[in-house]
Amino acid sequence: MKHLLSISQLTTTEITEILHDAEMFAKGDCRIQKGLGYAANLFFEPSTRTKSSFEMAERKIGLDIIPFEASTSSVQKGETLYDTVKTLEMIGVNVVVIRHPQNHFYLSLMENIHIPVINGGDGSGQHPTQCLLDLFTIQQEFGGFKGLEVAIVGDISHSRVARSNQEALNRLGAKVLFSGPHEWSDPSFQENGQYIELDEAVERADVVMMLRVQHERHGGSIGFSPDQYHLKYGLTADREKRMKKSSIIMHPAPVNRNVELADELVECKRSRIFKQIQNGVFTRMAVLKRALEF
Ligand code: CP
């Protein structure tokens with residue numbers, strides 16, 4: 001049994017193994033495993049991609065899904081996360097995927113839960129499976145990470161995607177650049193990368209990774225109109241023209257169109273945004289394979 005709670009817990013070798021398995025799954029090596037059992041996906045925050053692609057990955061590898069909706073569960077009667085997960089374990093669920101607004105929600109589960117827990121995003125903490133699918137997408141494109149410059153741009157301090165990616169990319173030998181509003185920077189990231197102006201980042205980077213403005217974590221106005229943000233911190237059509245010929249655009253999505261990046265760039269030639277979403281299924285199959293050790 002192997003939890004996946006944070007990208008920090010994975011060794012570089014384990015990351016490489018997951019990316020290798022994701023590649024095998026992407027190539028169609030998808031033999032349904034008999035007797036894997038049951039998965040439950042517990043999403044306490046909204047999700048389109050992570051929840052749906054975990055469901056697809058679970059079905060593809062042969063898990064049955066036990067439906068769970070927080071809004072109609074006993075969570076509404078005050079049940080704790082631990083009691084919910086323990087109940088599912090006792091009912092016979094073999095693996096749980098959890099997204100929760102609280103950073104480190106999983107700490108309350110570690111002592112007495114005996115099935116693998118996969119973090120589908122904890123507050124502004126970590127999003128390890130998004131990180132792995134991003135790594136997989138970059139590896140597909142460039143064959144590796146050493147020497148690449150990856151610019152992570154936007155709402156950095158509220159982003160679990162940025163937190164996971166900056167750490168993993170640094171460990172794998174990429175050079176990480178950060179850009180975005182000063183008030184949304186995270187000083188603790190500076191040990192893994194350098195803050196620079198957006199125009200320089202866009203011209204230098206092999207990968208321009210735009211981040212969603214996390215309105216739900218700002219507690220009110222973000223202090224910019226969408227147009228102001230786009231012009232100052234967004235990937236405008238004009239900035240895209242100054243990217244290197246071989247550079248790609250990524251975004252974890254959902255995209256605030258015409259805020260983080262121009263509407264016309266979402267599916268432009270350089271964009272790998274929908275490729276990332278497709279790769280999410282293969283990567284999550286690989287993560288489930290590791291969790292259930294088959
Ligand atoms: N990228 C991501 O986590 O998307 P969802 O919120 O739709 O799952």
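How many Å separate the centres of domain 1 and domain 2, taken over C-alpha atoms? The separation of these centres is 25 Å. The structure is a predicted model, in which local features need pLDDT of at least 70 and side-chain atom pairs count only at pLDDT 80 or more, while totals for chains, interfaces and linings use all residues. Residues are numbered from 1 along each chain as its sequence is written.

**View 1. The two domains and their contact.** The protein is divided into domain 1 (7–126 + 277–292) and domain 2 (128–273), with bounds from an automatic or database domain assignment. Domain 1 gives 24 residues to the contact and domain 2 gives 21 residues; two residues are in contact if their C-beta atoms, placed from the backbone, lie within 7 Å. On the side of domain 1 that touches domain 2, the elements giving two or more residues are α1 (12–26), α2 (49–61), β4 (117–122) and α9 (273–292). Helices (H or I, at least four residues) and strands (E, at least two) are DSSP runs, numbered from the N terminus. The largest share of this side, six residues, comes from α9.

**View 2. The surroundings of the ligand.** S47, T48, R49, T50, G121, Q130, P252, A253 and P254 surround the ligand; a residue is near a molecule if its C-beta atom, placed from the backbone, lies within 6 Å of it. Each of domain 1 and domain 2 supplies at least three residues of this shell. The shell has three nonpolar, five polar and one charged residues, where Ala, Val, Leu, Ile, Met, Phe, Trp, Tyr, Cys and Pro count as nonpolar, Asp, Glu, Lys and Arg as charged, and the others, Gly among them, as polar.

**View 3. Helix α4 against helix α5.** The axes of α4 (residues 128–142) and α5 (residues 160–171) come within 8 Å and cross at roughly 50°. Axes are lines fitted to C-alpha atoms, for helices over the stretch in contact, and angles run from 0 to 180 degrees between N-to-C directions. The two helices are therefore oblique to each other; angles under 35 degrees count as roughly parallel, over 145 as roughly antiparallel, 65 to 115 as roughly perpendicular and the rest as oblique. P128, Q130, C131, D134 and L135 of α4 meet V161, S164, N165 and A168 of α5.

**View 4. Helix α4 against helix α9.** The axes of α4 and α9 come within 8 Å and cross at roughly 115°, which means that α4 is roughly perpendicular to α9. Among the contact residues are T129 and L132 of α4 and K275 and Q276 of α9.
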